[in-house]
Amino acid sequence: MAPPRAAAALCRIRRFFWREAQSAANTLALQRLHTLQLELAAALQGPLLERDIPTLREIAEALVQNGEIAYLAIFDGADERLVLVGASAETSLPDGKTLAALSAAETRLPNRFDVRLPLISGAVQVGYSPQPLVGLIDRFAETGILVIGGTTLLTLALYLGFFFRVAKRLGGIERAAEQIAAGNLRIRAPEGTHDEIARLGNAFNRMADELAERLTALTIAERETEATLDTLEAEHAQLTALLEAMRLGVLLVDTSDRVVFANSALRRLWHIPAEASLVGQNARDVMRLSDTLCAEPDHFSQLLLTVPGTQEISDSTEIHLIDGRILLQLCFPVRDSHQRLIGRLWLYEDITRERRSAEQLIYLAERDGLTGLYNRRRFAELLEEKLNEALRQRRTAALLLFDIDEFKQLNDTFGHRAGDALLARIASELTAITRSNEIVARLGGDEFAILLPAYQNRSEPQQLAERIIRALARIPFDFDGQRIGITVSLGVALFPEHGSNPDELVVAADIAMYQAKNAGRNTWRCYSTDALAAGSPTQLNWNQRIEQALAEGLFELHYQGVFRLDGTLTHVEALIRMRDPEDPTRLVSPTHFIPAAEKSGKIREIDRWVIEHALQTLSEYRDAPRIAVNLSGRTLSDPGFAMWLENRWHQAPPHARRLLFEITETAAIGDLQEAIRFAHLVHKLGAALCLDDFGTGFSSFSYLKYIPADVVKIDGQFIRDLTQDESNRLIVRAIAEVARGLGKTTVAEFVEDQETLDLLKRLGIDAAQGYHLGKPTPTPPQCRDSAGTALSHP
């Protein structure tokens, strides 16, 4: 009976031991899962925060290869599966239980634990296999009852010791984890160097250190972000203040044409109510608030906010408003750092004043300042253009030239104010009696021109000439209570009969005009070669004399000093004289041949001759003062003169480059744009510019700001009777004050006595010129002693 009882007892022992072993194995397995959770948390937390998939997969594959884990799946915080190792991606994973659920429910050791282990920033599901423990139990059962019993007791003792030791150390790690979860990153788990729990503690502490470093870096990044946001807010405030202070209207829109920003200037320019909300609105809806302000609403709708197809900067668009203002519209693309279009910047500027100023400058460049008619330069352009057009179309044209009989005597008798008023009145009369296609111009002084670009009947130019003669003779011109009778002499030249180009046609009309003067004045004549052969007018004789003088070297320069009122010489003026071809001992005054040279165009050759010889004089006399040379309006309008002057200037030695160029105020006003260009050329060369005969035209003071002259020479009509005429003294004082304010030097010419010189000092004039100070001489006065002597002993 004993053996059966012993066998039964052994069986009971074995069953008891088996149950206890199973329970112990189950407990160890659960403890191992706890440990595994901590190991996985330490190993996977860093890569999981950075979503480092390759590192996560490498760790998972290493764990699966040791046979302890059947499969391993890693999930992020959003429960998205990042890595799966040990199972097919198409296989559905079983539901993973928590460790708490396994501890409460499992009483026997299963074949595999499917457990879900939570991490700080995700979770891990593992298929943990306890088969090594199962094999150990089977081998233990087969060794025998005695060995089993003894071993059981020893194992139980070891197990209990190991269990309590492991439980204590794992409890320390668990408490450390709870402290870290509560935010205490300074806590550390117990460490060691000999077993897995020690390694687990080390890994846990490394994880805690890494989390502390990341949290510190995150805190620093947050502070830097806050500082950056503060800086951006300050810059945004500064930019907004700048845009609000601008006079330009600014409209910033996104790619959907929704308003992002609009400054106050935009509301003001477009008269948009201040209370209207613009941000977030469609840009076109915003701008339509001002439709009623546009002069052409239909046309306006096609121009406003029109984006070019190239997506680049748009051309400027001018928008005319019904109140007379003109707004300039510009568009600029706005791109991000990757050059992607994120919006557009629309700019609006009120250019009304600039447009009107530009139109005024264009008008002044083409029109005579006194009469409003075309000036000489613009008329020359139109004459060439219309004659070329007539030549192409095989049409005829006619040119009429006339001047006022005895105009100089009228000026001397009644003054320049009367002359200017008469010229303005004649211009008004010409505008009334000519047709719209006929071009009327004032060529300078009292000379006028009318161009008929086409006519059908030869009598048409003659009829127009007759109308002009009769109309001007009937002008009821009264000045200061006196009736002034007006007559003119008019010449007619036909194209291409009398001239095949503009120069020939002008010469023919000019000769015809002098034929009219020889016929008794107050009449007109058509150019006639028969009359020319019978007896050429004086004008033609002077043209021949000028050509002869240029060919035979009969011109010469005389020099008259210009003195500062403190007695020093400032410069000299070169005055041209002609030796009479018939009597070389007699000098001819320029008043005889300069008008003829102006009309024929020979004045351009004379001006170049004067510049050549002035530079030659400066080359020969190193101690000579600066020389002033006069230039005509014809020379200013000569397209080749600027290049010739630059070449000749650079050919002269450096010490000879001391010229002062004088242009008359009338010539400057007649071709303002050309005068301004010439002034810049003069300053570029290092020379100086003088505005001569200042005060003869209308609005003289206004031209001082347009023409950058260095010297202003006051017209002699204001100086001759300065001591007797109070109004002239007021004008001279005003010119002196304005010129001084603009940084220009003033010169008074025709100073004939000491009384006038003393008065000029009191009026604030800088320099003077006249016979009282010194007459013109063939050799320029020198700087050493001539100035003082001239002032003391005129």
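Me: Are Trp-270 and Tyr-348 buried or exposed?

Reply: Trp-270 and Tyr-348 are both buried, where buried stands for under 20% relative accessible area with a 1.4 Å probe and protein chains only. Please keep in mind that this is a predicted model, in which local features need pLDDT of at least 70 and side-chain atom pairs count only at pLDDT 80 or more, while totals for chains, interfaces and linings use all residues. Residues are numbered from 1 along each chain as its sequence is written, and side-chain values use heavy atoms, with hydrogens and water left out.

Me: And how many aromatic pairs does the structure hold?

Reply: There are 9 aromatic pairs, a pair being rings of Phe, Tyr or Trp (its six-membered ring) with centres within 6.5 Å, and planes under 30 degrees apart count as stacked, over 60 as edge-to-face and the rest as tilted. In one of them, the ring centres of Trp-270 and Tyr-348 are 5.6 Å apart with planes at 85°, so this pair is edge-to-face.

Me: What about Trp-649 and Phe-661, why is that pair tilted?

Reply: The planes of Trp-649 and Phe-661 stand at 45°, with the centres 6.4 Å apart, so the pair is tilted. Trp-649 is buried at a relative accessible area of 2%, and Phe-661 is buried at 0%.

Me: Which aromatic cluster are they in?

Reply: Trp-649 and Phe-661 form one aromatic cluster together with Phe-641, Trp-644 and Phe-678.

Me: Switching topic, which ring does the charged end of Arg-367 sit over?

Reply: That charged end sits over the ring of Tyr-374, 4.1 Å from its centre; the criterion is NZ of Lys or CZ of Arg within 6 Å of the ring centre and within 35 degrees of the ring normal.

Terms used: Buried means under 20% relative accessible area, exposed over 50%, partly exposed in between (1.4 Å probe, protein chains only).
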